[in-house]
Amino acid sequence: MEVFLPIAHMDVNIWLIVSFGLAVGFLSGLTGVGGGILITPLLIFIGVPPLVAVGTGAAQIVGGSAIGSYAHWRMGNVDMRMAFVLLAGSWTGGLIGVHIARILEAGGHFSLVVTFLYVILLGVIGTSMLIESLLALRGRHGHASQKNRTKNQSILQRLPGQMDFPVSGLRLSFLTPVLLGFGVGLLTALMGVGGGFVMVPIMLYVLKMPTKVVVGTSLFQLLFTTAEVGILQAGMNHAVDPYLALALVLGSIFGTQFGARAGAHMKGEQLRLVLALVVVGVAIKMGLGLFVTPEHIFSMARVV
Amino acid sequence: MLYLRLMLMLLTMSAAMLAEASTPLVMATSTDQVNVTSHFVGENLLVYGAITGPGQVIVILRSPDSTEAMQQKTRTGPIWLNGAKVTVTKAPGIWQRLSSAPVSHILPDDTLQQRGLTLSSLVDKARFTPKPDHLDTWQKAFLDEKLRHRNYVVESTGVTLKQGLFSAQIKLPASLPLGHYQLLTYLVRQQQVVAVRKQQIDVRQVGFQAWIARFARENSWIYGIVLTFILAGLGFALGILMRRRSA
């Protein structure tokens, strides 16, 4: 079914978009890793303007994370104090990020910056997942150096503004989660990702939050960060396409469910290997775009 | 139209000539209104009519002027970066010229230029801001891009002419600038334009699609807030549904 996208200004088969949602949702349901990092590149590959791909990518995460956040909140897995401190940072980061996106777009540099960011991010994530899953498949487990961690910890404890987080059973400076949130907010605005892949490891290994609380809290803050960025991208940059976003949410909800069910019968390590290969593949495809001589030196887009 | 006829009447003062000269060209279109819906993937516009006597026919469809953002890619080391950005105004978004013979064969160059019947006359009137260093390169690139996307179309066999009857199929692309389009039909005889007929085609967005597009543009903040709540609600409702089914 061909549909003309009013914001992206192009026509597209809407079932293709639903299938993107399904496929990415399936992968994230299967492996437990958020699929937001793959949606935006896929949209860019089919010709959606990068800013619209990024804005819509962020907005569709709202739909994808709503039910999970609610469930974790009901189960008491959300450290509310931590979530609000994180949100203070991520909302600021999101606001600044959307402004940066606007300035870059006006200068004509946004698409290039997005490509660079994705090549770096997907490259790092893909490669580390690849190494990790290959090691796991061989039956070895990497041990992070204990020394480094204690050193980090001592720096964190010397920061000003120490605060108690009773649900997580932690005492640390509010500056750490504010900064973490700020970075994730920037990523959401500039790349259209939820940032769980950055947030979760830092919560686990740097902040040392209990595992039970990490997933709930990160999902909760991610829901409200993507909601903020979605609203800002629509309000300021006219960059959220309604049909794209709805189709992606529809696909990813079903995809995640199927993925979670299929994942119960499959081996985790092999699944992660598959996802790692997909991520590395997307990074390479995006990266090649920088080096391959473009088919058309000039590009044109209708403004009015 | 009436004014033109009166003028002709005064000029010719001959009933016989009047009959021929006042209606050397009649034309009509399959529609004078194009409705863009969410399922709109382009449309064919049929132009047809009759001419008296010999001659050739040129049909021109011109949309309102649009603003285009052009960008050039430049190579820095091994990497292709985005280079200069230029905004082009005062040029039609859509321009199609269909004729029954190559126009350069049937009209002299200065007439073509004067009446704006050529691509080069369009690009000469277009304004490039900020003015690029190599204006001619950008002008050429502008036309190339327009032709590549079939926003500008030139077909010297696009009008079929047979025994005084002519017809032309204009293919409108999916992404159309909205507004009043001008459809001009020229009858050319002996290197001269003998008659011109003008018609207006309205291209407008209709239905839910139009409402959404306008709302998203004019009330972008409310649109963003409402859409975000809808997305959250949809995700929530579907999630509950799936959970119930699997439980």
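In chain A, 79% of the contacts with a separation of 6 or more join residues 24 or more positions apart. This is a predicted model. Start with the overall form of chain A. Its secondary structure comes to 11 helices and 5 strands. The C-alpha trace spans about 55 × 45 × 40 Å along its principal axes. Chain A has a radius of gyration of 19 Å, which agrees with the value near 19 Å for a compact globule of 304 residues. Of those 304 residues, 51% count as buried.

Is G25(A) buried or exposed? G25(A) has 26 other C-beta atoms within 10 Å, so it is buried. The cut-off for a buried residue is 20 or more. Neighbours within four places in sequence are left aside in the contact list of G25(A). What remains is G35(A), G251(A), S252(A), I253(A), F254(A), G255(A), T256(A) and G259(A). G89(A) is another matter: 64 residues along the chain from G25(A), its C-alpha atom is separated from that of G25(A) by 28 Å.

Helix 2 of chain A covers residues 36-45. Of its 10 residues, 9 are buried, so helix 2 of chain A is largely enclosed by the rest of the structure. Which residues are they? The buried ones in helix 2 of chain A are G36(A), I37(A), L38(A), I39(A), T40(A), P41(A), L42(A), L43(A) and I44(A). Just after helix 2 of chain A comes G47(A), with a positive phi of about 105°.

Now take the helix pairs. Helix 5 of chain A runs over residues 110-137, and helix 11 of chain A over residues 268-291. Their axes come within 8 Å and cross at roughly 150°. Angles over 145 degrees count as roughly antiparallel. Helix 5 of chain A and helix 11 of chain A are therefore roughly antiparallel to each other. The crossing of helix 5 of chain A with helix 11 of chain A is left-handed. What classes of residue make the contact of helix 5 of chain A with helix 11 of chain A? There are 17 nonpolar, 7 polar and 2 charged residues.

Helix 7 of chain A (residues 175-191) packs on helix 8 of chain A (residues 196-206). The angle is about 165°, and the axes are 10 Å apart. That makes helix 7 of chain A roughly antiparallel to helix 8 of chain A. Their crossing is right-handed. From helix 7 of chain A, the contact takes L180(A), G183(A), V184(A) and L187(A). Helix 8 of chain A supplies V198(A), M199(A) and I202(A). By class, this contact has 6 nonpolar residues, 1 polar and no charged. In an α-helix, residues three or four places apart point the same way, because there are 3.6 residues a turn.

Helix 8 of chain A also packs with helix 9 of chain A, residues 211-237. Here the angle is about 145°, with the axes 10 Å apart. The crossing of helix 8 of chain A with helix 9 of chain A is right-handed. On the helix 8 side of chain A stand G196(A), M199(A), V200(A), M203(A) and L204(A). They meet T211(A), V214(A), S218(A) and L222(A) in helix 9 of chain A. The contact of helix 8 of chain A with helix 9 of chain A has 6 nonpolar, 3 polar and no charged residues.

Chain B comes next. Its secondary structure comes to 8 helices and 13 strands. The C-alpha trace of chain B spans about 90 × 50 × 30 Å along its principal axes. Chain B has a radius of gyration of 24 Å, whereas a compact globule of 247 residues would have one near 18 Å. Of the 247 residues of chain B, 30% count as buried. Among contacts in chain B with a separation of 6 or more, 69% are between residues 24 or more positions apart.

Last, see where the chains meet. In chain B, 45 residues are in contact with 44 residues of chain A. Which elements of chain B give two or more residues to this side? They are strand 5 (65-76), strand 6 (79-92), helix 6 (135-148), helix 7 (207-218) and helix 8 (220-246) of chain B. Helix 8 of chain B gives the largest share, 16 residues. The side of chain B that touches chain A has 25 nonpolar, 15 polar and 5 charged residues.

How values were computed:
Residues are numbered from 1 along each chain as its sequence is written. Chains are lettered from A and ligands numbered from 1 in the order in which they are written. This is a predicted model: local features need pLDDT of at least 70, side-chain atom pairs count only at pLDDT 80 or more; totals for chains, interfaces and linings use all residues. Axes are lines fitted to C-alpha atoms, for helices over the stretch in contact, and angles run from 0 to 180 degrees between N-to-C directions. Helices (H or I, at least four residues) and strands (E, at least two) are DSSP runs, numbered from the N terminus. Angles under 35 degrees count as roughly parallel, over 145 as roughly antiparallel, 65 to 115 as roughly perpendicular and the rest as oblique. A crossing is left-handed if the near helix is turned anticlockwise from the far one by less than a right angle, and right-handed if clockwise. Two residues are in contact if their C-beta atoms, placed from the backbone, lie within 7 Å. Ala, Val, Leu, Ile, Met, Phe, Trp, Tyr, Cys and Pro count as nonpolar, Asp, Glu, Lys and Arg as charged, and the others, Gly among them, as polar. The radius of gyration is taken over C-alpha atoms; the globule rule is 2.2 Å times the number of residues to the power 0.38. A residue is buried if 20 or more other C-beta atoms lie within 10 Å of its own, exposed if 12 or fewer, and partly exposed in between; C-beta atoms are placed from the backbone.
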